Amino acid sequence: MRTFQVRAGDGLPGGGLVTPAERPVPSPSAGEVLVRVKASSLNARDLLIAAGRYSVEVPPGRIPLSDGSGVVEAVGDGVSRFRVGDRVVSTFHPTWLYGRFPAWGELHGTQRDGWLTEYIALDEQSLVAAPDHLSFEEAATLPCAALTAWSAVSGVGPGDALLVQGSGGVSVFALQFARLAGARVVATTSSGEKARRLTALGASDVVNYLSTPEWGARVRALTDGGADRVVEIGGAGTLSQSIDAVAYGGQIALVGNLASGSGMDITRFFRRAATLRSISVGSRSDFERMNKVIARHRLRPVIDRVFPFDEAPEAFSHFEKGSRVGKVVISH
Ligand SMILES: NC(=O)c1ccc[n+]([C@@H]2O[C@H](COP(=O)([O-])OP(=O)(O)OC[C@H]3O[C@@H](n4cnc5c(N)ncnc54)[C@H](OP(=O)(O)O)[C@@H]3O)[C@@H](O)[C@H]2O)c1
């Protein structure tokens, strides 16, 4: 079967981050299913892994990508959750099934081979059913970005104000979920064109964080006392503005650490009487609950661009450029 792998050599001319490879088709062991992969999607983590800049050591030759969808092609002994022909999606934490975050387990794309391949054999417990109304390309966007957004937005309801930072995968899903929940959404972004896209997706106001570096005060004014929930994407580089933006007693859901900076002033944070909550994607049971809502509302993920499997290296380059809104997908 055809796959792509990371750091297989010195990289390709032109900055290629993944290289093609051939592997035997795996056979499912007891409790495993063999999935014919139909689509996969990229997250910020995948770029760091492919570029050798991730916080966890990744062995050369690892097949990248945590997120994928496909069709069950064969089942091993004792499989009961899925049958041949079922449409399935990966989970980001393959061993976190429900309850509180248990501890870091092995993840696809780092300690385990990932989804940028034609076939993958894996524990049936680490898969969920794909929502019927979504294409494989759409379903492949859900495991990391959508579930992270779902966790970050959980508890937000009608009348609440939510701040999302930027127009990447997590933020756009957070905007969509918050709008479904009846909340008002304010977004920050870096360009007028992206501001127009975010407005079309339902943001009531968009602040350009480049031309308004003190955007926290602006968000506070727009939301009449501050955002009840902030989906924190920038981390150390944006937390200080997020503290300005958050309402008294509100919550900052700490998702990313994309922007370098000095972090936060504890005293200012303390004076907001706000909560800082770290997010680690979500469990399989969270994923299934999210999928029910996605199916009920026939929500469609926002896809920036779909690349054919053979052009996976171009998908990574496109993702790196940052000129996108929403998700970058590979169709297998
Ligand atoms: N904790 C978790 O469970 C979890 C799960 C998934 C992802 N993450 C992390 O969350 C972050 C976002 O992931 P993603 O997949 O959505 O990434 P992405 O699709 O690459 O989106 C990144 C977006 O961040 C925005 N951005 C960058 N610097 C910014 C700044 N200083 N202020 C405001 N916005 C800024 C940009 O928006 P504009 O282009 O609009 O300016 C960019 O499009 C990454 O750090 C990722 O590692 C964490």
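Contact means that heavy atoms lie within 4.5 Å of each other. This is a predicted model, in which local features need pLDDT of at least 70 and side-chain atom pairs count only at pLDDT 80 or more, while totals for chains, interfaces and linings use all residues. Residues are numbered from 1 along each chain as its sequence is written, and side-chain values use heavy atoms, with hydrogens and water left out.

Q: Which residues of helix 6 are buried?
A: Helix 6 covers residues 215-222, where helices (H or I, at least four residues) and strands (E, at least two) are DSSP runs numbered from the N terminus. A residue is called buried under 20% relative accessible area, exposed over 50% and partly exposed in between, with a 1.4 Å probe and protein chains only. In helix 6, the residues that count as buried are Trp215, Gly216, Val219, Arg220 and Leu222.

Q: Within what arc do the buried residues of helix 6 fall, seen down its axis?
A: An α-helix has 3.6 residues a turn, so residues three or four places apart point the same way. The arc is taken from the directions that run from the helix axis to the C-beta atoms. The buried residues of helix 6 line one face of the helix, because they fall within an arc of 165°.

Q: What covers the buried residues of helix 6?
A: The cover is made up of both strands and helices. The helices in it include helix 7 (239-245) and helix 8 (266-272). The strands in it include strand 8 (161-165), strand 9 (184-189), strand 10 (205-208) and strand 12 (246-254).

Q: Which residue with a positive phi follows helix 6?
A: Most residues other than glycine have a negative phi, and most peptide bonds are trans. The residue that comes after helix 6, however, has a positive phi near 55°, and that residue is Asp224.

Q: Is Ala103 buried, partly exposed or exposed?
A: Ala103 is found in the loop between strand 5 (87-90) and strand 6, and although it is not a glycine, its phi is positive, at about 155°. With a relative accessibility of 47%, Ala103 counts as partly exposed.

Q: What is the relative accessibility of Arg298?
A: Arg298 has its place in the loop between helix 9 (284-296) and strand 14 (303-308), and its phi is near 45°, which is a positive value in a residue other than glycine. Arg298 counts as exposed because its relative accessibility is 54%.

Q: Which residues does Ser90 touch, not counting residues up to four places away in sequence?
A: Ser90 has its place in strand 5, and it is buried, with a relative accessible area of 1%. Its C-alpha atom and that of Gln125, which is 35 residues apart from it along the chain, are separated by 9.9 Å. Not counting residues up to four places away in sequence, Ser90 touches Ser66, Asp67, Gly68, Trp115, Ser126, Leu127, Pro143 and Phe287.
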